[in-house]
Amino acid sequence: LIGREDGTVQAWDVAGGVDRRLYDWHQGSVNSVAFHPGGLMAASAGDDFAVRFWNLNLKISDSGLVLD
């Protein structure tokens with residue numbers, strides 16, 4: 001996973017070396033990304049004070065948390 005300044009998170013297929021998906025859920029830079037140990041879920045945090053949890057297979061955000 002790569003967090004980008006434009007608010008997107010890009011997922012790569014390392015074995016095949018191809019861009020798999022682009023997730024666009026943050027308003028501002030993405031500062032951190034992390035995988036769940038099982039490999040099917042991930043989380044991202046950004047300048048928008050949001051933490052997003054998402055399912056890598058379904059390409060959807062399962063939940064989000066915004067810190068004030």
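Phe49 counts as exposed because its relative accessibility is 57%, where exposed means over 50% relative accessible area, buried under 20% and partly exposed in between (1.4 Å probe, protein chains only). This is a predicted model, in which local features need pLDDT of at least 70 and side-chain atom pairs count only at pLDDT 80 or more, while totals for chains, interfaces and linings use all residues. Residues are numbered from 1 along each chain as its sequence is written, and side-chain values use heavy atoms, with hydrogens and water left out. Phe49 also has a positive phi of about 60° although it is not a glycine. Most residues other than glycine have a negative phi.

**Overall fold and surface**

- The protein chain has 7 strands and 0 helices; both kinds of element are DSSP runs numbered from the N terminus, with helices (H or I) needing at least four residues and strands (E) at least two.
- Along the sequence, the pattern reads β-β-β-β-β-β-β.
- Of the 68 residues in the protein chain, 26% count as buried.
- Among contacts with a separation of 6 or more, 22% are between residues 24 or more positions apart; a contact here means heavy atoms within 4.5 Å.
- The protein chain exposes about 4,400 Å², and carbon and sulfur atoms supply 55% of that area; accessible areas come from the Shrake-Rupley method with a 1.4 Å probe, and for residues only the protein chains shown count as cover.

- The mean pLDDT of the protein chain is 78, and 76% of its residues reach 70 or more; pLDDT is the predictor's confidence in each residue, from 0 to 100.
- Strand E4 (residues 30-35) has the highest mean pLDDT among the elements, at 92, whereas E7 has the lowest, at 53.
- Where pLDDT is low, the predicted coordinates should not be read in detail.

- Ile2 is found in strand E1 (residues 2-3), and it counts as partly exposed because its relative accessibility is 37%.
- Together with Trp12 and Val14, Ile2 makes a nonpolar surface patch of about 320 Å². Such patches are made of residues with over 30% relative accessible area and no salt bridge, with nonpolar side chains (Val, Leu, Ile, Met, Phe, Trp, Tyr) joined within 5 Å and like charges within 9 Å; a salt bridge is a side-chain nitrogen of Lys or Arg within 4 Å of a carboxyl oxygen of Asp or Glu.
- Gly3 also sits in strand E1 and is partly exposed, with a relative accessible area of 34%.
- Gly3 touches Thr8, Val30 and Val33, not counting residues up to four places away in sequence. The C-alpha atoms of Gly3 and Val33 are separated by 6.4 Å, although these residues are 30 apart along the chain.

- Thr8 belongs to strand E2 (residues 8-13) and counts as buried because its relative accessibility is 6%.
- The side chains of Thr8 and Asp6 are joined by a polar contact of 2.6 Å. A polar contact is a pair of N or O atoms within 3.5 Å; within protein, one must be able to donate a hydrogen and the other to accept it, and residues adjacent in sequence count only if both atoms are side-chain atoms.
- Beyond residues up to four places away in sequence, Thr8 touches Ile2, Gly3, Leu22, Tyr23, Asp24 and Val30.
- Ser44, in strand E5, counts as buried because its relative accessibility is 3%.
- The Ser44 side chain makes a polar contact of 3.3 Å with the side chain of Trp54.
- Leaving aside neighbours within four places in sequence, the residues in contact with Ser44 include Val9, His26, Val30, Ser32 and Val33.

- Asn31 is found in strand E4 and is exposed, with a relative accessible area of 53%.
- A polar contact of 2.9 Å links the side chains of Asn31 and Asp47.
- Setting aside neighbours within four places in sequence, Asn31 is in contact with Ala45, Gly46 and Asp47.
- Phe49 has its place in the loop between strand E5 (41-46) and E6.
- Asn57 lies in the loop between strand E6 (50-55) and strand E7 (60-66), where Asn57 touches Arg21 and Leu40, not counting residues up to four places away in sequence.
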